[in-house]
Amino acid sequence: MGKTPPSILVVLPVYQEERSIGGLVRSLREQLPYDVLVVNDGSTDRTSETAKEAGAIVLDLPCNLGIGGAVQTGFQFARDRGYDIVVRIDGDGQHEVEDIPKVLEPILAGKADAVIGSRFLGETEYRGSIPRIFGIGFFRLLVNLTTGYRVTDPTSGFFAINRRLIEFYSGHYPSDYPEVDAYILMHRLKAQTVEVPVRMYDRAEGKSSITAFRAVYYMVKVTLSYLINCIRRFG
Amino acid sequence: MNRVTLFSICASGGFLLYILEMVRRRKLREEYSILWLFGSALILVLSLKQDWLVVLARAVGIVYPPSFLFLVGILFILLILIHFSIAISKLHQMNKKMAQEIALMKGNREENAG
């Protein structure tokens, strides 16, 4: 132990991303020496084939579980195969492959259990819509008030976690906006979290999983789920 | 015996028999039949035993005793609906677990084959 370099898995949850997933997997394979796992959340297009052709390991879920269930499948794969670290990025090209080493660095140095890429730290050119900024501000307040973590980007889907969190999340991972909920889980586990600045782009292809119509519903649901996680027992 | 109580007796009695028949034919699982059986039996007893119904209605301040039957019926329906929400949540969880297991197993199999 300790001498072998940690094994790292990049997990991409995808749904209907046949146009962007191939290029993304290829640039991951070219730029980084890590295994790439695509969790195909019940896509009906050629997402799975495209990802396989590009050199990713692909898990096909038989039905659409939603983002949390798909990401959790990636954690379960990492748990079963003994990976030390999982990096999770979006499958739609929102995140920058070149930022992955930055997100990994604090974990590799043993300084954190989880590193979250924030689009609001450092110089940012991110311009979200007003409802989105409002939602993020709301969740930021919620997380900061309840956990004491100083969080700037609570809904960021660009993060890395270590073995301890891989094992925990394999058993317990929330369904919608799992990243917000994850903060309370990490707080309950007394996990160390760090945010690092990353770039984030508007989606290249496909539709965001969050339409304006569902935003309010999700905010209520996530807040409820978050508050219940504060008082829930984890066996 | 007024008409609404007569109707209540027939309806809850028929309902009770229907549920029992469904369980006998294995179209309804025992665990899901308990609430139905209990609820219809309760309404049947209250329809038959007018005195009990009057006493119970008075005790909670209801002037017109058959209204108490409605109240019991509505509360019982609420209970059943909650029971269903819990059952659906359980199925949802099981379904998610199975989908994940299938995906992981298919991944293993493809790897071994290729």
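A residue is called buried if 20 or more other C-beta atoms lie within 10 Å of its own, exposed if 12 or fewer do, and partly exposed in between, with the C-beta atoms placed from the backbone. Keep that in mind, everyone. What you see above is a predicted model, where local features need pLDDT of at least 70, side-chain atom pairs count only at pLDDT 80 or more, and totals for chains, interfaces and linings use all residues. Residues are numbered from 1 along each chain as its sequence is written, while chains are lettered from A and ligands numbered from 1 in the order in which they are written.

Let's start with chain A. Helices (H or I, at least four residues) and strands (E, at least two) are DSSP runs, numbered from the N terminus. In helix 6 of chain A, residues 163–171, the buried residues include Leu165(A), Ile166(A), Phe168(A) and Tyr169(A). What do the buried residues of helix 6 of chain A pack against? They pack against helix 3 (67–81), strand 4 (85–88), strand 5 (114–118) and strand 6 (159–162) of chain A.

Now the strands. Strand 2 (residues 35–40) and strand 3 of chain A pair in the parallel sense over four bridges; to count as a pair, two strands need at least two bridges found by DSSP. Leu37(A) stands opposite Ile57(A) in strand 3 of chain A. From strand 3 (residues 57–60), Ile57(A) and Leu59(A) point one way, Val58(A) and Asp60(A) the other, and all are buried.

Leu37(A) turns up again in the core. A nonpolar core is a set of buried Ala, Val, Leu, Ile, Met, Phe, Trp, Tyr and Cys residues joined through C-beta atoms within 7 Å. The largest one has 68 residues, and Leu37(A) is among those that touch the most other members, as are Val38(A) and Val86(A). Another core, of five residues, lies apart from it, and includes Ile43(B) and Phe68(B).

That brings us to chain B. Helix 3 (residues 50–59) and helix 4 (residues 65–113) of chain B pack at an angle of about 80°, with their axes 8 Å apart. Axes here are lines fitted to C-alpha atoms, for helices over the stretch in contact, and angles run from 0 to 180 degrees between N-to-C directions. The contact is made by Leu53(B), Val54(B), Leu56(B) and Ala57(B) of helix 3 of chain B and Pro65(B), Phe68(B) and Leu69(B) of helix 4 of chain B; contact needs C-beta atoms, placed from the backbone, within 7 Å.

Technical notes:
Contact = placed C-beta atoms within 7 Å.
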